[in-house]
Structures are given as C-alpha cells and as structure tokens.
Amino acid sequence: NISDEEFAELKSISYAEMLHHPLNTQLQEIFSGGKFSSEVKYAYLWTLLEPDEVKYTVTAEDAEYYNVDPGTPLGTIWLLDVVVNEYVDEDLDMDAIEEYYGNDQNRYTTVRPYDDDLCKNPREVYLSDANEFGKVIVASVPVYSTENNFIGYMNIDMFYDVFQGHITENRNHFALLFIFPSILLSLIYIVFSIKRAKQSTLEVNTDPMTGLYNRRHLDATLPKIVKKAFLNEEHLSSIMVDIDFFKAYNDNYGHKAGDDVVIQIAKAIRSVTQKNVDYVYRYGGEEILVLLPNTRLAGAENMARKIQQSIKELGITHSFSSVAPLITVSQGIYTAIPKSSDSKACNAYIEHADSSLYAAKSAGRNCYQTYEAE
C-alpha cells in the first residue's frame, strides 16, 4: 500500500534513490515470490507529472527517438521499477541496458496520446508497445493510495521474444492470454490483489452509512496532512459541521429519517469539496469534519458558504427547528500555518474548529464562526 505522502516522495527522489526505496524493494519481493511466470519481464508503477513537476524535456538529439518535437516535456515518471526475471535475449546489448538504467532522465518519458484519458478514467487495459529492448504486451492496472486517491498504473511487460517459435506478430493480444495460461493467471492475480486491497482499505477507512472517511482514517491521515502543511509552510483549514437541532429531528421524525438526513448532508458536502484534494470525515453522529489543505481563511469561509447553500438546496423540512423551517447547519472554522507537526498541532485543528462551532451555535446557529491562528 502506498500513502499519498509516499506517492509525493517517490515523485521527488532520484532514480538511484527510487531503486533502493523500501517500496521498490517490497515490489521486487512480491514479484519474486513465485506467483509470476517466466514470461513476465518487468513490473513498474508509473504516473503523469503535473506541468510544474516536469524535470526534463526532449532534446534535439533525442527528438527522433521519441518521435516528437524538441522541447516536448518528459511528463511520465516511473515511481517504482523492478526486473521480474533475468531473461535477456542474446542479441541485446547489455552495455546499452546498463547505461539506460544508470541515467536518471531515462526514468521519464513522453506522455502517450492515450495516457491522459487512462488517468482521467482509470481502468484495466492491455496494449502493445515497443522500445529498443524489444516488443512487448503490456497489462496495466490502476493503483490507488491508502487514502483512496488514484496514483497511477501498475504495468507488467511480457516480451514477445520469450514466446519465440510459439507466436507471430499478427496474433491478437487477448489470444495470447488464452494460449499462455501462466500469463493470464499472473494478470488475474495482480488485478484481483489490487482490487481486494483497495476494497479492504475502503472498508476499514470509511463510514459504512455515509461513505465518508471515518475517525480511524482521520487519526491516520491528520498527522500526515499537518506535517505536509508544516514542511511547506502552507495554510491548513478545518471546518466542523453540525446539524442544527438534530436531536429534535430524530425525536419527531424517527431515527431512520435522521440517518437519511446525515447521508444526504454528507453527499451535499462531498459535492462541493474537491475530490483528491480535500478530506471529508464523519466525525461522529451528526458532525462532519472537512480538512482543506493549502487553504487560507477566505477560502475556508467560501467553502462554508458553499456547504450552507448545498444543504439549503436539499430542502429537507424541519418543523421543529428554532432557526428555519428546513434542515440547516452550524460550522466552526480554524485556519493556521502549523508551527510543528506534533500531536498538539494536530489536535488544534479539531479543538479550535469545535470551539468555533460552539461560537456559531451561541450566535444563533445556521451560520459559521472563525478562528485564525497568528
């Protein structure tokens, strides 16, 4: 499993550091465990870089090799990279291979026409590719972080050379999967292992009623989020959201109706937050916590207004509320640049947001109050 923090680390380190990273070692051990056939040559995890993360561009000398114009960004990076077995065709130049893997720039490549679509719409795919080391069948499986954010694709390459005497260039990729059951079993293993791990992570980290992150996941991720803000000297904001007069709603409409309200409000809040950027947790009962990385007070206030509006648009009748005939919420906001990443700094995002929430309730409810650390 790879966390969002480890994902960021893998993108920032050098090729040599990546090769010796514990996660790369772990991947090597997984693929060396006998579950994968000798037909599989390489296993690697890749992703697309953001424009400001690109380190290299195509030089005039390499333009013909990449078949693109000079200056084209090398916008794809291998996050992990292992050799599954030691089969090498006798015609390959081993000196060229060693030079290739010894050059940090070769950890990057250009973005293929279909890569952007693959990352926007993750799915398992099979395709063919070729480089100076041979022609391959590539099986790609999307990978997600422990925080359930899309990371990139785990690829396994199967070289045509291994099947010398058994296949021809015109054979369909999928036919190969049936002709060589060992390949199919390997692909099934990796697809279902990753899906199973993802499902298990979701079950452990999410609230079964609302689908939001749960308190357990908050305990695991809050220290990482605070640490990142501390190291980057960025603002981090938290919003504690509480349903107004929820006990009165439960007492008069019933607990089933109350659960439905919590579910609808959770969906409304999730709809206005940024997926893969913001964090939304069911903190307890009718309370929901929102964490907004790299967000100043003005941005947090704007989010609070969006939350209020989205809940108002639900139009859920609440005849036993003292502030409105509909379901409303009170919100408490806390914003700060963490001065450390210890437990006290983490707890501040809960405690001060909770204090601001109390102030909002004291101010009449159906509003938000703020607290910004100096």
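**Salt bridges in a predicted model**

K361 is partly exposed, because its relative accessibility is 29%. The model is predicted. A search of the whole structure finds nine salt bridges. Those described here include the pairs D242–K361, D207–R282 and D117–R123.

**D242 and K361**
- The side chains of K361 and D242 form a salt bridge, at 3.0 Å from N to O.
- D242 sits in strand 7 (residues 236-243) and K361 in helix 13 (residues 343-362), so this pair ties together parts 119 residues apart in sequence.
- D242 is buried, because its relative accessibility is 4%, and the cut-off for buried is under 20%.
- K361, at 29% relative accessibility, is instead partly exposed.

**D207 and R282**
- A salt bridge joins the side chains of D207 and R282, with an N to O distance of 3.4 Å.
- D207 lies in the loop between helix 8 (181-205) and helix 9 (215-232), and R282 lies in strand 8 (residues 279-284), so the contact ties together parts 75 residues apart in sequence.
- Both D207 and R282 are buried.

**D117 and R123**
- D117 and R123 meet through their side chains in a salt bridge of 2.8 Å, N to O.
- D117 has 36% relative accessibility, so D117 counts as partly exposed.
- R123 has 34% relative accessibility, so R123 also counts as partly exposed.

Technical notes
Residues are numbered from 1 along each chain as its sequence is written. This is a predicted model: local features need pLDDT of at least 70, side-chain atom pairs count only at pLDDT 80 or more; totals for chains, interfaces and linings use all residues. Side-chain values use heavy atoms; hydrogens and water are left out. A salt bridge is a side-chain nitrogen of Lys or Arg within 4 Å of a carboxyl oxygen of Asp or Glu. Buried means under 20% relative accessible area, exposed over 50%, partly exposed in between (1.4 Å probe, protein chains only). Helices (H or I, at least four residues) and strands (E, at least two) are DSSP runs, numbered from the N terminus.
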